[in-house]
Amino acid sequence: MAKNYLENLLGENERVVLETHQHWFVLFNKIFLEIILIAIIVAAVIIASTFYSVATYGFILVLVLLVGLVRDVMVWQNNAFIVTNRRVIQLSGVFSKNVVDSSLEKVNDVKMSQSFFGRMFDFGDIEILTASELGVNLFHEIANPVEFKTAMLNAKEKLGFEEMGAVAHAIEDIPSMIEKLDSLRKRGILSESEFQQKKAELLAKM
C-alpha cells in the first residue's frame, strides 16, 4: 500500500533516488517493553495453565499487547523519508496519510548531526533549511543519514543541470520554429506582421 501511494505522489518523469526510515533503534525502543510483557505473560500462563481463568485473562492481555506491537511496527514502516530527483518527501501515517514536501530548488542548506552511537550504528538527524513557508524540516534519528544527505545534494545539483539542458534544448529549437512560422507565412496562413511578431518573441528567448 505504501509503495503504491508513493508512486501516485510522483509527478511525470519524477523518480525515487533514495528511501529510508527511522533507525530500527527507534522501533525497538517502542516495542521492547511490549515484547518483555508478552514473554512474562506467556510464561505465567504456561506455569498456571491449570487455572482456566488465569489462562483466559493471559490470552486477552497477550492479544492486546500484540495489537499494540503490530501497530508500532506499521507506524514505523509507513514513516518514510524519500529523495526524488525533484524534491524531498516525508511520508507518514498508516491509514490517514501526511505528506510534507521540500522542493530541491528551495533547499538552502542541509545540516546533519550524529552522536557517537549514531556514527557507530549509522543513524542521525537531518535538518533541511528551505526558502519555503515551512522553513525547516527535521528528520529525527533516520537510518543512513550520510547517504541521505549525499543523495539529496547530488539530486539538487543534477536538477540544475537538467534545467540548463532543457533551456539549451529550447534555444536549439527556436531556429526550426522560425522556419515553420516562415512556411506558414509563405502559405498565407500567417500575415507578415504576425510572422514578424512571433519571430521577435522567439528571438527574445535566445
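**Exercise 1. Is Phe81 buried or exposed?**

Solution. The model is a predicted one. Step 1: the relative accessible area of Phe81 is 1%. Step 2: a residue counts as buried under 20%. Step 3: Phe81 is therefore buried.

**Exercise 2. Locate Phe81 in the fold and list the residues that it touches**.

Solution. Step 1: Phe81 has its place in strand S2, which covers residues 80-84. Step 2: when residues up to four places away in sequence are not counted, Phe81 touches Leu18, Glu19, Thr20, His21, Gln22, Ile89, Gln90, Phe139, Ile142 and Phe148. Step 3: a further relation concerns Leu91, 10 residues apart from Phe81 along the chain, as the C-alpha atoms of the two are separated by 6.4 Å.

**Exercise 3. Describe the surroundings of Gln22**.

Solution. Step 1: Gln22 belongs to the loop between strand S1 (16-21) and helix H2 (24-47). Step 2: the relative accessibility of Gln22 is 15%, so Gln22 counts as buried. Step 3: with neighbours within four places in sequence left aside, the contacts of Gln22 are Trp76, Asn79, Phe81, His140, Glu141, Ile142 and Ala143.

**Exercise 4. How many salt bridges does a search of the whole structure find, and which residues are joined into one network?**

Solution. Step 1: the search finds four salt bridges. Step 2: one of them is formed by the side chains of Glu14 and Arg87, at 2.7 Å from N to O. Glu14 lies in the loop between helix H1 (2-9) and S1, whereas Arg87 lies in strand S3 (residues 87-92), so this pair ties together parts that are 73 residues apart in sequence.

Step 1: the side chains of Arg87 and Asp101 also meet in a salt bridge, at 2.6 Å from N to O. Because Arg87 is in strand S3 and Asp101 in strand S4 (residues 98-103), the pair ties together parts that are 14 residues apart in sequence. Step 4: salt bridges with shared partners therefore place Glu14, Arg87 and Asp101 in one network.

Step 2: the accessibility of the three members can now be stated. Glu14 is buried, with a relative accessible area of 9%, and Arg87 is buried at 15%. Asp101, at 37% relative accessibility, counts as partly exposed.

**Exercise 5. How many aromatic pairs does a search of the whole structure find?** **Describe some of them and the cluster that ring pairs form**.

Solution. Step 1: the search finds eight aromatic pairs. Step 2: among them is the edge-to-face pair of Phe116 and Phe117, with 5.5 Å centre to centre and 75 degrees between the planes. Phe116 counts as exposed, at 58% relative accessibility. Step 3: Phe139 and Phe148 form an edge-to-face pair, with 5.8 Å centre to centre and 80 degrees between the planes. Both Phe139 and Phe148 are buried. Step 4: Trp24, Phe25, Phe28, Phe32, Phe121 and Phe123 are linked into a cluster by ring pairs.

**Exercise 6. Which residue lies over the face of Tyr5?**

Solution. Lys97 lies over the face of the Tyr5 ring, at 5.6 Å from the ring centre.

**Exercise 7. Summarise the protein as a whole**.

Solution. Step 1: the secondary structure consists of six helices and seven strands. Step 2: read from the N terminus, the order of elements is α-β-α-α-β-β-β-β-α-β-β-α-α. Step 3: of the 206 residues in the protein, 30% are buried. Step 4: the accessible surface comes to about 13500 Å², and carbon and sulfur atoms account for 62% of this surface. Step 5: among contacts between residues at least 6 apart in sequence, 53% join residues at least 24 apart.

Definitions and conventions:
Residues numbered from 1 in each chain as written. Predicted model: local features only at pLDDT ≥ 70, side-chain atom pairs only at ≥ 80, totals over all residues. Heavy atoms only, no water. Helix = DSSP H or I, 4+ residues; strand = E, 2+ residues; numbered from the N terminus. Buried < 20%, exposed > 50% of the residue type's maximum accessible area, 1.4 Å probe, protein only. Contact = heavy atoms within 4.5 Å. Areas by Shrake-Rupley, 256 points an atom, 1.4 Å probe, with all protein chains shown as cover. Phe/Tyr/Trp six-rings, centres within 6.5 Å; stacked < 30°, edge-to-face > 60°. Lys NZ or Arg CZ within 6 Å of the ring centre and 35° of its normal.
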